[in-house]
Amino acid sequence: MHYHIPVTSTPKHAPILLVHGGAWAIPADAAAAHLAGVRNALETGHTILARGGSALDAVEAAVTVLEDDPIFDAGRGSFLTSDGRVQLDALLMDGGRMKAGGVACVERLRNPIQAARLVLEKSPHVYFVGSGAEQFAHSHGMALIDNAELVLDRERERLTHAQAREAAGLADLTFSGHILHDDKSPETAFLHDPARFASHDTVGAVALDAHGNLAAATSTGGTLNKPPGRVGDSSLIGCGCYADNLSAAVSLTGWGEPIMKLVLGKWATDRVAGGTAPEIAAREAISYLYSRLGGHGGIILLGPDGRFGLAHNTPAMAWGVATPNGLQTGLTV
């Protein structure tokens with residue numbers, strides 16, 4: 001297990017922003033770019049909070065920066081589906097109003113987190129998918145783009161390599177972007193597959209503003225070589241993202257299916273509501289993910305009193321935190 005859990009508290013309603021850039025086997029030659037991207041997102045969101053802006057605005061802005069940075073698996077530069085396209089999922093949640101907006105399987109929106117904000121603010125509904133999500137966003141002013149604008153040559157090469165492994169008989173099916181062998185269940189195969197940490201670069205942010213409101217946001221391009229239409233945990237309420245002023249705000253990254261089965265975001269915030277410190281609840285959530293279903297991932301968790309924690313059990317996780325005392329970033333291993 002790999003944990004980084006700052007035991008930190010701040011005065012009530014002192015603005016705080018936490019950001020993650022994915023928990024996976026981040027290559028050494030990409031570490032600096034991950035840290036720079038996280039810092040850019042922190043600076044953008046922190047500026048909003050420092051000026052008295054809302055936690056919701058801060059997490060939306062921070063995640064927009066991460067979606068625009070092609071180093072991350074969100075927005076432009078995301079991992080490709082098995083048919084060579086980008087499909088994006090995102091969720092935004094306001095812990096004060098208990099409102100949420102989510103989109104999934106969108107292909108023609110540059111910033112799905114902004115579409116999620118439109119769902120939250122402009123619709124009585126919570127969740128839109130596919131072309132319906134795109135049309136809803138477009139009807140409220142978002143431009144529709146060609147999916148090719150989101151696809152990088154780097155990802156075409158990555159997909160070609162993954163599919164070549166299958167064609168060579170190294171595996172005969174995929175599960176959420178991971179190569180499986182025919183004598184193992186999906187969960188067991190994941191644990192024995194050397195590629196198991198290769199594609200979890202989901203991004204997210206959680207914030208507490210000066211008014212005492214919490215918010216959370218998560219955005220992803222999903223897993224490498226996923227079947228078109230697959231949706232993971234990131235955009236599902238209580239799974240990859242959740243916020244409630246009476247408990248906590250959380251964003252998760254990692255292997256989506258186990259996180260979904262455990263509704264792990266809500267599980268973690270419930271622990272905080274029950275009196276567990278966020279720095280401990282974060283560690284417990286990742287331990288539970290592994291002990292219950294053999295899952296891997298990372299978490300950032302922020303309580304209404306300003307205490308926070310983060311943890312992961314993957315080879316690395318890019319993260320950052322902004323408090324009134326300054327900004328800090330790290331890539332823990």
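**View 1. Phe128 and Phe136, a stacked aromatic pair.** In this predicted model, the side chains of Phe128 and Phe136 belong to two residues that are both buried. Their rings form an aromatic pair of the stacked kind, with 4.7 Å from centre to centre and 20° between the planes. The pair counts as stacked because planes under 30 degrees apart are placed in that class. A search of the whole structure finds three aromatic pairs, and the pair of Phe128 and Phe136 is one of the aromatic pairs in the model.

**View 2. Trp24 and Phe79, an edge-to-face aromatic pair.** Among the three aromatic pairs found in the whole structure is the one between Trp24 and Phe79, whose ring centres are 6.4 Å apart and whose planes meet at 85°, so the pair is edge-to-face. Trp24 belongs to strand β2 (residues 16-24), whereas Phe79 is found in the loop between α2 (55-68) and β3 (88-94), so this pair ties together parts that are 55 residues apart in sequence. Trp24 counts as buried, since its relative accessibility is 6%, and Phe79, with a relative accessibility of 4%, counts as buried as well.

**View 3. Arg271 over the ring of Trp267.** Here the side chain of Arg271 lies over the face of Trp267, at a distance of 3.8 Å from the ring centre.

**View 4. Cys105, a residue with positive phi in a strand.** Cys105 is not a glycine, and yet its phi is positive, at about 55°. The residue has its place in strand β4, which covers residues 99-106. With a relative accessibility of 14%, Cys105 counts as buried, because the class of buried residues takes in those under 20% relative accessible area.

**View 5. Asn225, a residue with positive phi in a loop.** Asn225 also has a positive phi although it is not a glycine, and the value here is about 65°. The loop that holds Asn225 runs between β9 (214-220) and β10 (241-243). Asn225 has a relative accessible area of 2%, and it is therefore buried.

**View 6. Cys239 and Cys241, two buried cysteines.** Cys239 has a relative accessibility of 6% and so counts as buried, while Cys241, at 0% relative accessibility, counts as buried too. A disulfide is a covalent bond that joins the sulfur atoms of two cysteines. How many disulfides does a search of the whole structure find? The search finds zero disulfides.

Note on methods
Residues numbered from 1 in each chain as written. Predicted model: local features only at pLDDT ≥ 70, side-chain atom pairs only at ≥ 80, totals over all residues. Heavy atoms only, no water. Helix = DSSP H or I, 4+ residues; strand = E, 2+ residues; numbered from the N terminus. Buried < 20%, exposed > 50% of the residue type's maximum accessible area, 1.4 Å probe, protein only. Phe/Tyr/Trp six-rings, centres within 6.5 Å; stacked < 30°, edge-to-face > 60°. Lys NZ or Arg CZ within 6 Å of the ring centre and 35° of its normal. Disulfide = S-S within 2.5 Å.
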